[in-house]
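Subject: Two-chain model, handed over with notes

Dear colleague,

I am passing on the structure we talked about, together with my reading of it. Please look through it before you go on to the notes.

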Amino acid sequence: MSTARHSAARSIAAHGVLILYTVIALFPVFVIVVNSFKSRRAIFADPLALPTAETFDMVGYQTVLKQGDFLLYFQNSMVVTVASLFFVLLFGAMAAFALSEYRFRGNLLMGLYLALGIMIPIRLGTVAILQIMVASGLVNTLTALILVYTAQGLPLAVFILSEFMRGVSDDLKNAGRIDGLSEYTIFFRLVLPLVRPAMATVAVFTMIPIWNDLWFPLILAPSEATKTITLGSQVFIGQFVTNWNAVLAALGLAIVPVLILYLIFSRQLIRGITAGAVK
Amino acid sequence: MAQRKPFRWHIAVFLAPALLVYTAIMIVPLIGTLNLSLFNLTEAGGRVFVGLKNFATLFGDPRWSESFWNALGNNGWFFLVHMLVQNPVGVMLAALLSSPRLRMAAFYRTAIFIPTILSFVIVGFVWKLILSPIWGIAPGMLDAVGLKALFAPWLGKEEYALTTLALISVWQFVGIPMMLIYAALLSIPDEVIEAAEMDGVTGWSQFWKIKLPLILPSIGIISILTFVGNFNAFDLIYVSQGALAGPNFSTDILGTFLYRTFFGFQLQLGDPHMGATIATAMFGIILVGVCFYLFAIQTRLRRYQF
């Protein structure tokens, strides 16, 4: 009896702490979303109030959409993120398969070489990357960003995926070999579908820093045609710093896509990390 | 041994794309940066090998060294705040989340992770709004509970700005330690927990005596990821305080110092050689930190296999 009450009290305390932290985590997002739907006067009068029929105003969103470029920025971000994600997952999985499946000379060394990138951030090579991109004429192209992000995402992808691929049953692969499947078919048809949770984990951890990166777009592709949404909203805030409706609406719009992508992958996320390298 | 195995082409095919991109875009530029830091321009404008002279300038010449040590010290404090606040809070949240039969765990987990997926632009701007003394949600809220006297324009005061930014960054990234520790706690086998319960170890003492030792390796990994991340931080400071890392350089960290030096700002011209020198110094600091972790800490961590 007393233990039951004790555990009920404990669970209430746990919920209390978690709710408190959830409020702290979501409060700023709430502030942005709520105020982006209010008229200018209402934003200043009472920043915490919900928009009412009187104070409801879409003028911020109208300004942003009239600006027009945001659609292009959004498209750029999408292209860069999806393409980099595709290459990181494909190349990373291939390399991880080679490292975990075959025993060959230099296997361990190769693994260490690829893992080096987890510890050393690619930003420190910026000086030389910029020179390479200038030399190859890739400055102000999305290709430059995709290349950089692919290289940046690969080390962690290879590391996590190869841990997972060691867990794929050998019997299954050998059965495939006896049936005459080529090594490529075994990889694409047997192994890849089995490591889906790991792919989702890698996807989330790769995607977030790419979508939100300010450094490389600022340095490698600052032109109007290649701005990403992160850089675009940073510049926009600079220009419209007094037009709060517009700024808040732009920020609100920038949250939505990455939130949707996260919700798509997040169901796989915990399953992915639990079985992964970091346990 | 008469017949050698044929060369297995598929291994090369599997490895080649990753290896190629990684080497060309990451390793070669890193080596390039290290190399560039050994050169400088002559008065005539030609490039000349100067050995370690750039480093002597960076560490010794008061015009450079003052900024450098200031940035390094700030960066150290930035890291310390993360270690003292972010990781314990992350562990606590994960421990609460992983308590058995907790309802709505998935909701909490998702909600607490949301700041992590927001871009620095959003984070920097919204916190500036909240803490702003003019629009100020923070002064209003403190006023409501009668603590208005505690309010100060935290981002604008030299003595508070860096700590405030570090706490904002903690707010943003606490989801990562929470997620990783949560996964580690979930992977502790039920038998271990049951055995502890049979012996009467429950609640707090179960956490401290059974679970914490089992998740120490994960905490180690998180610490080193935090270290690498913090010594590369740039975006949050840049979007909220600008490249000058005001007020009066009190929030200047190595990332912003590198950016200013390499690309120049206002009247100062960019200097690729000194920029590369700073990048190399950062590379050295991170390498020392990682090696310290690998050799001094990781080897002492005890790992358990289930």
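Predicted model: local features only at pLDDT ≥ 70, side-chain atom pairs only at ≥ 80, totals over all residues.

To begin with the annotations, UniProt, in an unreviewed entry, places the feature "domain: ABC transmembrane type-1" at residues 74–265 of chain A. In the model that span is 79% helix and 0% strand, and its end C-alpha atoms lie 20 Å apart. The annotation "transmembrane region", again from an unreviewed UniProt entry, covers residues 12–34, 78–99, 111–134, 146–165, 186–211 and 246–265 of chain A. Among these, residues 78–99 of chain A are 100% helix and 0% strand, with 31 Å between the end C-alpha atoms, and residues 146–165 of chain A are likewise 100% helix and 0% strand, with end C-alpha atoms 26 Å apart.

For chain B, UniProt (unreviewed entry) lists "transmembrane region" at residues 12–32, 77–97, 106–127, 162–185, 214–237 and 275–296. Including two of these here, I note that residues 214–237 of chain B are 83% helix and 0% strand, with end C-alpha atoms 36 Å apart, whereas residues 275–296 of chain B are 100% helix and 0% strand, with 31 Å between the end C-alpha atoms.

Chain A is divided into domain 1 (2–45) and domain 2 (67–274), and the centres of these two domains of chain A, taken over C-alpha atoms, are separated by 32 Å. Their contact takes 7 residues from domain 1 of chain A and 7 residues from domain 2 of chain A. On the domain 1 side, α1 (2–36) and α2 (40–45) of chain A each supply at least two residues, and the largest share, 5 residues, comes from α1(A). By class, that side of domain 1 of chain A has 4 nonpolar, 2 polar and 1 charged residues.

Turning to the contact between the chains, 63 residues of chain A are in contact with 63 residues of chain B. On the chain A side, α1(A) gives the most, with 11 residues, and the side as a whole has 49 nonpolar, 11 polar and 3 charged residues.

Two helices of chain A pack against helix α1 of chain B. In one pair, helix α7 (residues 142–165) of chain A and helix α1 (residues 9–36) of chain B pack at an angle of about 120°, with their axes 9 Å apart, and because of that angle α7(A) is oblique to α1(B). The crossing of α7(A) past α1(B) is left-handed. Here A:Leu147, A:Val148, A:Thr150, A:Ala151, A:Leu154 and A:Val158 meet B:Ala18, B:Val21, B:Tyr22, B:Ile25 and B:Met26, a contact with 10 nonpolar, 1 polar and no charged residues.

In the other pair, helix α6 (residues 126–135) of chain A packs with α1(B) at an angle of about 110°, with the axes 7 Å apart, and α6(A) is therefore roughly perpendicular to α1(B). This time the crossing, of α6(A) past α1(B), is right-handed. A:Val127, A:Ala128, A:Ile129 and A:Ile132 in α6(A) meet B:Ile25, B:Pro29, B:Gly32, B:Thr33 and B:Leu36 in α1(B), and the residues of this contact divide into 7 nonpolar, 2 polar and no charged.

With best wishes

Key:
Residues numbered from 1 in each chain as written. Chains lettered and ligands numbered in written order. UniProt positions renumbered as here; feature names shortened; annotations may be inferred. Helix = DSSP H or I, 4+ residues; strand = E, 2+ residues; numbered from the N terminus. Axes fitted to C-alpha atoms, helices over the stretch in contact; angles between N-to-C directions. Parallel < 35°, antiparallel > 145°, perpendicular 65-115°, else oblique. Left-handed = near helix turned anticlockwise from the far one by under 90°. Contact = placed C-beta atoms within 7 Å. Nonpolar A, V, L, I, M, F, W, Y, C, P; charged D, E, K, R; others polar. Domains from an automatic or database assignment.
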